Amino acid sequence: MGVIAISGQAASGKTTVARELASRLNYRFVSIGELFRRIAVERGVSLLELHRIAETDFSIDRTVDEEAIKEARRGNVVIEGHLAAWILKDVADVRIYLKADIRARSQRLSARDGKSIEEALNEIRAREESNRRRYLAIYGIDINDTSIFDLVVDTTYIDAGKVVDIVYEYVYNVLHNRGKF
């Protein structure tokens, strides 16, 4: 019944690492970010516009977060998202935070989404500020406080495969020692 929550900064590698970790563990993979993006598509707005809407319509975040909790309670899952570890703090066996230098994250987002580095940098800053304001307003959570995490990994200079190796080793040992693997 293992539950792994992976949170972190935009374009730090959360989705890539979580998806591969889930595969290695033979767990389900759930992306809170993908749920959020699906709502944007359903509403016919951009991701940044949905962030702006969510700043006054807290039901958007609450709906996504309730879905994450439901998925966690089913067990054997890796759930990734900016707020995943905080939302799942009472359910997750392991809480992991990924971070990286803003320049590295801008380059990753630029390459992934076909944007200029300047556009990617502006999007990251806007999304993170929106997330910070919303999570403080909705839940009283400061997403810059990493004290709740079991493992924090700086992905700036480590390729995704190596980050997955580090995270897998840690998670395997925790679950094994708790009799869950």
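Arg24 sits over the face of Tyr168, 5.9 Å from the ring centre; a charge counts as lying over a ring when NZ of Lys or CZ of Arg is within 6 Å of the ring centre and within 35 degrees of the ring normal. The model is a predicted one, with local features needing pLDDT of at least 70, side-chain atom pairs counting only at pLDDT 80 or more, and totals for chains, interfaces and linings using all residues. Residues are numbered from 1 along each chain as its sequence is written, and side-chain values use heavy atoms, with hydrogens and water left out.

Rings of Phe, Tyr and Trp (its six-membered ring) pair if their centres lie within 6.5 Å, with planes under 30 degrees apart called stacked, over 60 edge-to-face and the rest tilted. Trp86 and Phe149 make an edge-to-face pair, because their ring centres are 5.1 Å apart and their planes stand at 90 degrees. This pair ties together distant parts of the chain, with Trp86 in helix 5 (residues 84-87) and Phe149 in the loop between helix 7 and strand 5, 63 residues apart. Helices (H or I, at least four residues) and strands (E, at least two) are DSSP runs, numbered from the N terminus. Both Trp86 and Phe149 are buried, where buried means under 20% relative accessible area, exposed over 50% and partly exposed in between (1.4 Å probe, protein chains only). Together with Tyr97, Trp86 and Phe149 form one aromatic cluster.

Next comes the sheet. Tyr97 of strand 4 stands opposite Ser7, and strand 4 runs parallel to strand 1 (residues 3-8), joined by five bridges; two strands pair if DSSP finds at least two bridges between them. Strand 4 also pairs in the parallel sense with strand 5 (residues 151-154), over four bridges, and here Leu98 faces Val153. Strand 4 (residues 94-99) is largely enclosed by the rest of the structure, because five of its six residues are buried. Glu42, over in helix 2, is exposed because its relative accessibility is 61%. Between Glu42 and Leu98 there are 56 residues in sequence and 29 Å in space, C-alpha to C-alpha.

Then there are the pockets. On a 1 Å grid over the protein atoms alone, a pocket is an open set of points where a 1.4 Å probe fits, with protein on both sides within 12 Å along at least five of seven lines, and lining residues have an atom within 4 Å of a point. The largest pocket has a volume of about 600 Å³, a volume being the space filled by probe spheres set on the points, which are joined across faces, edges and corners. Its lining takes in 35 residues, with Ala11, Lys14, Thr15, Glu80 and Arg112 nearest the centre. Helix 2 contributes most to this lining, with five residues. The second largest pocket holds about 170 Å³, and its lining includes Trp86 and Tyr97.

Finally, a word on backbone angles. Most residues other than glycine have a negative phi. Ala11 has a positive phi of about 65 degrees and lies in the loop between strand 1 and helix 1; at 14% relative accessibility, Ala11 counts as buried. Asn26 also has a positive phi, about 60 degrees, in the loop between helix 1 and strand 2 (28-31), but with 70% relative accessibility Asn26 is exposed.
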